[in-house]
Amino acid sequence: MRTVVLAATTLLVGLSAGVFFAYSTSVMLALHKLDDRTFIDVMQKINSAILNGWFLTVYVGALLLAIVAVLLHLSAGHRAPLPWLLAALVLYGIVFIVTAALNVPMNNTLDAAGPVASIADPAAVRAAFEGPWVGWNLVRTVASASSLLTVAIALLRA
């Protein structure tokens with residue numbers, strides 16, 4: 001059971017890290033080249049589309065499985081991977097906190113700007129969103145990739 005949970009945790013953390021990495025290395029770089037209205041329109045659509053069962057299962061499941069993995073390795077004789085699992089859990093916790101406290105509120109503010117055609121100053125709306133969002137997504141990318149690395153080490157130590 002421990003090995004299955006560790007493997008599943010590694011998979012879900014890896015998939016989640018891949019989403020943030022893809023945004024950092026391609027999606028946001030491509031969107032940066034668009035005009036303000038198109039940028040806002042596409043980001044509003046992405047914000048809506050990402051709230052789906054597949055993403056939410058991976059994103060939340062990674063955190064839940066990391067917690068279960070820690071709990072399964074608390075008993076004597078199974079603690080070798082525990083420091084790595086704790087590190088993975090803390091790092092993924094950072095991803096969760098940054099997302100909930102910063103990126104989601106920025107997404108909500110962008111959505112609250114309304115339909116792109118009715119935004120009076122799209123350049124100001126974009127400027128308030130793009131730089132901070134990209135910066136905090138980079139934090140999520142590094143934290144989730146680091147979580148993946150540490151949970152993979154834990155899997156190898158189990």
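Asp41 is partly exposed, with a relative accessible area of 25%; here buried means under 20% relative accessible area, exposed over 50%, and partly exposed in between (1.4 Å probe, protein chains only). The model is predicted, so local features need pLDDT of at least 70 and side-chain atom pairs count only at pLDDT 80 or more, while totals for chains, interfaces and linings use all residues. Residues are numbered from 1 along each chain as its sequence is written, and side-chain values use heavy atoms, with hydrogens and water left out.

**Salt bridges**

A salt bridge is a side-chain nitrogen of Lys or Arg within 4 Å of a carboxyl oxygen of Asp or Glu. Both residues lie in helix α2, 4 residues apart, about one turn of the helix; helices are DSSP runs (H or I, at least four residues), numbered from the N terminus. Lys45 counts as exposed because its relative accessibility is 52%.

Next, select Asp36, Arg126 and Glu130, which are linked in a network of salt bridges. Between Arg126 and Asp36 the closest N and O atoms are 3.1 Å apart. This pair links distant parts of the chain, with Arg126 in helix α5 and Asp36 in helix α2 (residues 36-49), 90 residues apart. The side chains of Glu130 and Arg126 meet at 2.8 Å, N to O, and both residues are buried. Asp36, at 25% relative accessibility, counts as partly exposed. In total, the structure holds 3 salt bridges.

**Nonpolar cores**

Now select Tyr59, Leu85, Tyr92 and Val95, which touch the most other members of the largest nonpolar core, a set of 22 residues. The elements that give two or more residues to this core are α1 (2-32), α3, α4 (82-112) and α5 (122-157), and α3 gives the largest share, 8 residues. A nonpolar core is a set of buried Ala, Val, Leu, Ile, Met, Phe, Trp, Tyr and Cys residues joined through side-chain atoms within 4.5 Å.

A second, separate core of 13 residues includes Ile46, Met106, Leu110 and Ile119.

**Surface patch**

Finally, select Val60, in helix α3 (residues 53-72). Val60 counts as partly exposed because its relative accessibility is 32%.
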